[in-house]
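Work through the exercises below with the sequence and the structure at hand. Each task is followed by a solution in steps.

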Amino acid sequence: MFSTLIYRTRLNRKPARLEGREDGYDGGMPRPIWTGTISFGLVAVPVRMFSATESKELRFHFLDKRDLQPIGYDKVRRDSGEHVDNEDIVRGFEVEKGRYVPLEDEDLDRLDIELTKTIDILDFADLDEIDPVYFRKAYYLLPQEGGEKAYRLLVRALEETEKVGIAKVVIRKKQHLAALRPWEGILLLETMYYADEVRQPEKVDGQVGLRKPEVEMAKSLVENLSEPFDPEKYDDTYRKELLELLRAKAEGEPLPEPQAEEGGEVADLMAALRESVERTQKKGRRSRSRAKKAS
């Protein structure tokens, strides 16, 4: 079967905002994906959970290359190719090769309700003790009705102690390790990888000698390029260019020529560092000059 791909995206979709009401919820966010309780010591804080991020990845359809008609995703048996309706499909776990155990919704109800509906804080720790490699996905936690005071109390306590709660929580049938911390006046829960889920990197082979001038030059380059972090400064230029290319192609406009791959020559390291430092120094001087004129 001949097939190709075409994209689908929402160009004007606006991110959810956390402005307006005192509890940070303005009614514009989607329905909560989880409701439950934060538990630490004998304190319980009822909360609702919302996804804090969204992917802007372009999604594509499969098409028949001959006439660009969509190709559906058929649910078929592997052994016979026979189509199976959605109502006849269940989840299952392969306990051994070719032998499966089905998992029904009522089976999940047999699990400990406290385990599935509680964010259980085990410890408190400093945020800078947690390497970013462990963080997975962020969620907003907002108070349920009647839980506003306990919610605000927990936010204030975490802000003033500069601590984060290390917790366990079950989301979508998976138990996650998580960090609970204040952010923009609300609670943010970031799921984390367990230690055995983080792969250990391979060692860098070879004994490479570094000269002190090279190290100092590299440090100067890092300092010259250092600025306070501003997330608004960065955007997905590749996605924008890809969307523009697809728009031009859809409207029959001329397309840019393919970019030729540049050679992979290894430049003289010290010379490259020196030139980079000089360029960044000039850039810094121009920025300071513009700032003086503006003031």
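The exercises that follow concern a predicted model.

**Exercise 1. Overall make-up**

Task: State how many helices and strands the protein chain has, and what share of its residues is buried.

Solution: 
- Step 1. The secondary structure consists of six helices and 11 strands.
- Step 2. The protein chain has 295 residues, and 22% of them count as buried.
- Step 3. Of the contacts between residues at least 6 apart in sequence, 66% link residues at least 24 apart.
- Step 4. The accessible surface is about 23800 Å², with 51% of this area on carbon and sulfur atoms.

**Exercise 2. Phe93 and its surroundings**

Task: Decide whether Phe93 is buried or exposed, and find which residues make a nonpolar surface patch with Phe93.

Solution: 
- Step 1. The relative accessible area of Phe93 is 59%. The cut-off for exposed is over 50%, so Phe93 is exposed.
- Step 2. Phe93, Val95 and Val101 together make a nonpolar patch of about 280 Å².

**Exercise 3. The second largest pocket**

Task: Give the volume of the second largest pocket and name the lining residues closest to its centre.

Solution: 
- Step 1. The second largest pocket holds about 540 Å³ of space.
- Step 2. Its lining has 15 residues, and those closest to the centre are Val76, Arg77, Arg78, Val84 and Ile89.
- Step 3. Strands β5 and β6 (99-103) each contribute at least two residues to the lining.

**Exercise 4. From Lys56 to Arg239**

Task: Locate Lys56, then find the separation of its C-alpha atom from that of Arg239.

Solution: 
- Step 1. Lys56 sits in the loop between β3 (43-51) and β4 (59-63).
- Step 2. Lys56 has 33% relative accessibility. Buried requires under 20% and exposed over 50%, so Lys56 is partly exposed.
- Step 3. Lys56 and Arg239 are 183 residues apart along the chain, yet their C-alpha atoms are 8.3 Å apart.
- Step 4. Arg239 has a salt bridge to Asp236, with 3.8 Å between the closest N and O atoms.

**Exercise 5. Salt bridges**

Task: Compare the setting of the pair Glu190 and Arg181 with that of Glu251 and Arg247.

Solution: 
- Step 1. Side chains of opposite charge can pair when their charged atoms come close.
- Step 2. The closest N and O atoms of the Glu190 and Arg181 salt bridge are 2.8 Å apart, and both residues are buried.
- Step 3. In the salt bridge of Glu251 with Arg247 this distance is 2.7 Å. Glu251 is exposed at 52%, while Arg247 is partly exposed at 29%.
- Step 4. Shared partners join Glu244, Arg247, Glu251 and Glu253 into one salt-bridge network.

Key: Residues numbered from 1 in each chain as written. Predicted model: local features only at pLDDT ≥ 70, side-chain atom pairs only at ≥ 80, totals over all residues. Heavy atoms only, no water. Helix = DSSP H or I, 4+ residues; strand = E, 2+ residues; numbered from the N terminus. Buried < 20%, exposed > 50% of the residue type's maximum accessible area, 1.4 Å probe, protein only. Contact = heavy atoms within 4.5 Å. Areas by Shrake-Rupley, 256 points an atom, 1.4 Å probe, with all protein chains shown as cover. Patch = residues over 30% accessible without salt bridge, like charges linked within 9 Å, V, L, I, M, F, W, Y side chains within 5 Å. Salt bridge = Lys/Arg side-chain N within 4 Å of Asp/Glu carboxyl O. 1 Å grid on protein atoms, 1.4 Å probe; cavity = no way out; pocket = protein on both sides within 12 Å on 5 of 7 lines; lining within 4 Å. Points joined across faces, edges and corners; volume = space filled by probe spheres on them.
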